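User: I'm new to this one. Can you walk me through it?
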Amino acid sequence: MTEQTTPSAPPKMAARHVNVFYGDKQAIRDVSIEIDNDHVIAFIGPSGCGKSTFLRTLNRMNDTVAGARVEGDITLDGENIYDPSMDVVQLRARVGMVFQKPNPFPKSIYDNIAYGPRIHGLANSKADLDVIVESALRRAGLWDEVKDRLKDSGTALSGGQQQRLCIGRAIAVEPEVILMDEPCSALDPIATAKIEELIHELRGRYAIAIVTHNMQQAARVSQRTAFFHLGTLVEYGVTSEIFTNPREDRTKDYITGRYG
Amino acid sequence: MTSPPPDETLTRRIPTDWKGQAMQRRIAARYRAERRFRLIGLASILLSAGFLAFLLVSMLGNGLSGFTRTEIAVKFDFPRAPMVVDPAMLEGGNADQVLAGANLPVVTAQAANAALGEGGDALISSNAWLTVRDAIRDDPSILQREAVLSLPASADIDLAAKSQGTAQAEAAYARLKQGGHVSRAINMPFLTASDATDPTQVGIWGAFKGSLLTMLVTLLLSFPVGVLAALYLEEYAPRNRWTDMIEVSINNLAAVPSIIFGLLGLAVFLNMMHLPRSAPLVGGLTMALMTMPVIVIAGRNAIKAVPPSIRDAALGIGASPVQVVFHHVLPLALPGIMTGTIIGMARALGETAPLLMIGMRAFIASPPGGVTDPATVLPVQIFLWSDEISKGFVEKTSAAIIVLLLFLLGMNSIAIYLRNKFEKRW
Ligand SMILES: Nc1ncnc2c1ncn2[C@@H]1O[C@H](COP(=O)(O)OP(=O)(O)O)[C@@H](O)[C@H]1O
Ligand SMILES: [Mg+2]
């Protein structure tokens, strides 16, 4: 079993011997990993190694890709998410996702946040919804910047604000897990710092998995790091140890910038 | 000889002379190409604009006079006229019936002869008594006194007034003019009446209403079906041989000549389903068959153009596929779908051939009351009038074309308004 993780509580999500195929091509090979509530886990690895693919299997976004196929077990609170009895729409509300490119809806800032709670019936009244929108925007660190223009289009915000809006949109439906796929790769350093700060604040409240291309970012925001290479999970452990004392040569080569 | 090692070629590389003659020539050539392209583009725009201007000018030139008519002032001395009408009978709704039996045609002819000299009754329209009837109905008090009414001129005089008549008619018109009898007025009946055999009596309203009803049936049928088909094909249907075949068939359907849809309508709607002949319902159904593929193709393209990131975003917070489609994809694709719809509808509005096949070419003298009443449509009406021998129909044909163009303009304006309203930018 994976070492370092303290087995205090059962993991929020666990993947066991997961294989993912696109048609005949295998993108993920026999990956087993756990995501728990207390730690932010970072997925690192060179381009094309399958980080996004693996992340997308965790909320079944890969279902939408023609020819994608998943083998193995992935559980959320012990329930297999690929079981036919699992409702995929509800799963995606429980396991939220933030994408690489900020993708707010071409609707008002308010409606961007309110959309999820509306379709899941989380608010009984307009006042309820107002409270949900405000608290989501506050937790996304965006409230002070947009509180006077909630009616403006979400697409009129800057890239960094858009990405925080997307994070706010994800947390407005009170998910249990948040998956982020290179959320800062399209942002400037200041906006990136804001998102990283936000991840710090969200930690503990949600189980968070983040894919990143940026070693320093992985070191800054995560407590656990998983290193992928060519579809396999090469090494998985406490972030500080992976960065100071990697066990595998491939990990060492990667984090010292030998390839990427 | 082997080629020199790479680093040697690097050192021998001649720096680009950005200011050299060859470069200057290249720049000049680029500017020339730029100018040439602009000129060609401008020329094509001017050419299309020229054709459009020619069409409009010739239509307006020929057709505007169709909206006016020549009227001849005739004095009536009702108390002395050979008619008996009890003004009390004119109260209530059946004034028209009472007046129809009141010998008005004779009264009118006599008044014309008295006012304009012998043969005066030939100078006014044979239906001029209808104008007299309307005048009495609107104001029964004129039966107690003398009144001067403006009556529509006969087709010959009307043509002569527009300098297209025979020498004889021109002479008669000149005499009338000298006597100060004639005037020019807006031809209201043209906008409110239906087809007739006399060109001074025809109206466009019947065909206009027929077109309106036909388009309504077409839109109500082809828009929802076309949009749903496009959504299903884009968002739900698996990609396989069957959907490929459906795609090819739909593309083919959009290019099938319209006459074939007419034959199909004839065979299916009239012969098999026994729907009423000449009705806007059948016309609309036939047009819907023709318009649907256009909407499906435009719709699919518009749906494809919705960025996948929006679908991901919605799916990622737990929207169901139907919610993704109706909350996000459809609203964003709607402007494009509407553009396609309006192109299809404009084509349907101008179609003649398939409607001839299902019997919408009949002579219909009253506007349709509903979608199952016999009717004709604007392009068919234009076709029928252009086929008439009487010269008076020439300007009516052009006037009808102007009405058709205005209809089209109205339809397109609504579409552009809706598109701008729904268009979102991101
Ligand atoms: N939709 C897809 N269809 C086919 N192959 C894909 C698809 N998405 C990703 N892949 C392949 O799967 C592998 C992993 O891709 P990805 O998960 O995007 O890598 P990463 O996010 O680590 O850069 C790559 O080889 C990529 O080409
Ligand atoms: Mg990726």
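Analyst: Start with A:R16. A:R16 is partly exposed, at 35% relative accessibility. Keep in mind that this is a predicted model.

User: Which residue does A:R16 meet in a salt bridge?
Analyst: A:E34. The N to O distance is 3.6 Å. A:E34 lies in strand 2 (residues 25–35) of chain A and A:R16 in strand 1 (residues 13–22), so the pair ties together parts 18 residues apart in sequence.

User: Is A:E34 buried or exposed?
Analyst: A:E34 counts as buried, because its relative accessibility is 15% and the cut-off for buried is under 20%.

User: What does A:E235 form with A:R247?
Analyst: A salt bridge, with the closest N and O atoms 3.6 Å apart. A:E235 sits in strand 10 (residues 232–238) of chain A, and A:R247 in the loop between helix 9 (239–244) and helix 10 (249–255), so this pair ties together parts twelve residues apart in sequence. A:E235 is buried, at 4% relative accessible area.

User: Which residues are linked in a network of salt bridges?
Analyst: A:K12, A:D77, A:E79, A:R94 and A:E176.

User: How many salt bridges over all chains?
Analyst: The structure holds 32.

User: Over to chain B. Which residue pairs with B:E395 in a salt bridge?
Analyst: B:K396, with the closest N and O atoms 3.8 Å apart. B:E395 is buried at 5% relative accessible area. B:K396 is buried too, at 2%.

User: What domains does the assignment give chain B?
Analyst: Domain 1 covers 70–186 and domain 2 covers 205–422. Their C-alpha centres lie 45 Å apart.

Note on methods. Residues are numbered from 1 along each chain as its sequence is written. Chains are lettered from A and ligands numbered from 1 in the order in which they are written. This is a predicted model: local features need pLDDT of at least 70, side-chain atom pairs count only at pLDDT 80 or more; totals for chains, interfaces and linings use all residues. Side-chain values use heavy atoms; hydrogens and water are left out. Domain bounds come from an automatic or database domain assignment. A salt bridge is a side-chain nitrogen of Lys or Arg within 4 Å of a carboxyl oxygen of Asp or Glu. Helices (H or I, at least four residues) and strands (E, at least two) are DSSP runs, numbered from the N terminus. Buried means under 20% relative accessible area, exposed over 50%, partly exposed in between (1.4 Å probe, protein chains only).
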